[in-house]
Amino acid sequence: MKFINFFTCLLLLSQNAFASLSIAEFEEKNKSKSTDTYILGLANGLSTANNTLIQNKTPPLFCLPPFLKLTVVDYKEIIALGIKDIPANRPNREAMDIDGIMLKKLTQLYPCGYN
């Protein structure tokens, strides 16, 4: 139950702090401080969720190699790679949020069970 409450709070905080960042906004404002702040907040939220899953002895979402410290530049590249995976003709592509894109690409790039 604590786990569900944690994710509910995390979602509410992220929605209130900065509603979302679409692909179009990410590509348009890629070099802005607010975009960097949003991406770092998203990365910290995903890391916190991952650590909570591990503490609760449940499978994590992704597994970064030991000693790997990703920067905002790395996260932007991960998001850009995820965007490239989405077909250009997909309806509402530019309106999609980068949150799910980043999570999906992190799970693909850093699957669990290899280290």
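Does lysine 57 count as buried, partly exposed or exposed, and at what relative accessibility? At 76%, lysine 57 counts as exposed, on a scale where buried means under 20% relative accessible area, exposed over 50%, and partly exposed anything in between (1.4 Å probe, protein chains only). The structure is a predicted model, so local features need pLDDT of at least 70 and side-chain atom pairs count only at pLDDT 80 or more, while totals for chains, interfaces and linings use all residues. Residues are numbered from 1 along each chain as its sequence is written, and side-chain values use heavy atoms, with hydrogens and water left out.

As for the overall layout, the chain has 5 helices and 0 strands, where helices (H or I, at least four residues) and strands (E, at least two) are DSSP runs numbered from the N terminus. Read along the sequence, that gives the pattern α-α-α-α-α. Of the 115 residues, 30% count as buried. Among contacts (heavy atoms within 4.5 Å) with a separation of 6 or more, 70% come from residues 24 or more positions apart.

Back to lysine 57, which is found in the loop between H3 and H4. Its phi is near 60 degrees, a positive value in a residue other than glycine. Phenylalanine 67 is in the loop between H3 and H4 as well, and its phi, near 70 degrees, is again positive in a residue other than glycine. At 82% relative accessibility, phenylalanine 67 counts as exposed.

Next comes H4. This helix has 13 residues and reaches 18 Å from its first C-alpha to its last, close to the 18 Å expected at 1.5 Å a residue; the expected span is 1.5 Å times one less than the number of residues. Val72, Tyr75, Lys76, Ile78, Ile79, Gly82 and Ile83 are the buried residues of H4.

The arc is that of the directions from the helix axis to the C-beta atoms. On the other side of H4, Val73, Glu77 and Lys84 are exposed. The cover over the buried residues of H4 includes H2, H3 and H5.

H5 (residues 98-109) can be read in the same terms. It has 12 residues and spans 16 Å from first C-alpha to last, close to the 16 Å expected at 1.5 Å a residue. Ile98, Ile101, Met102, Lys105 and Leu106 are its buried residues. Viewed down the axis of H5, they fall within an arc of 130 degrees, so they line one face of the helix. In general, an α-helix has 3.6 residues a turn, so residues three or four places apart point the same way. What covers the buried residues of H5 includes helix H2 (23-28), helix H3 (33-55) and helix H4 (72-84).

How do the helices pack? Two packed helices are described by the angle between their axes and the distance between the axes. Here the axes are lines fitted to C-alpha atoms, for helices over the stretch in contact, and angles run from 0 to 180 degrees between N-to-C directions. H4 and H5 pack at about 95 degrees, with their axes 8 Å apart. H4 and H5 are therefore roughly perpendicular to each other; angles under 35 degrees count as roughly parallel, over 145 as roughly antiparallel, 65 to 115 as roughly perpendicular and the rest as oblique. On the H4 side, Tyr75, Ile78, Ile79, Leu81, Gly82 and Ile83 meet Ile98, Ile101, Met102, Lys105, Leu106 and Leu109 of H5. By class, this contact of H4 with H5 has 10 nonpolar, 1 polar and 1 charged residues, with Ala, Val, Leu, Ile, Met, Phe, Trp, Tyr, Cys and Pro counted as nonpolar, Asp, Glu, Lys and Arg as charged, and the others, Gly among them, as polar.

The axes of H3 and H4 come within 10 Å and cross at roughly 85 degrees, and H3 and H4 are therefore roughly perpendicular to each other. Asp36, Ile39, Leu40 and Ala43 of H3 make the contact with Val72, Tyr75, Lys76 and Ile79 of H4. By class, the contact of H3 with H4 has 6 nonpolar, no polar and 2 charged residues.

Leucine 42 lies in helix H3 and is buried, with a relative accessible area of 14%. Leaving aside neighbours within four places in sequence, leucine 42 is in contact with Ile98, Asp99 and Met102. Its C-alpha is separated by 9.7 Å from that of tyrosine 75, 33 residues apart along the chain.

Finally, proline 111 lies in the segment after H5 and counts as partly exposed at 39% relative accessibility. Proline 111 and leucine 64 are 47 residues apart in sequence and 8.0 Å apart in space, C-alpha to C-alpha.
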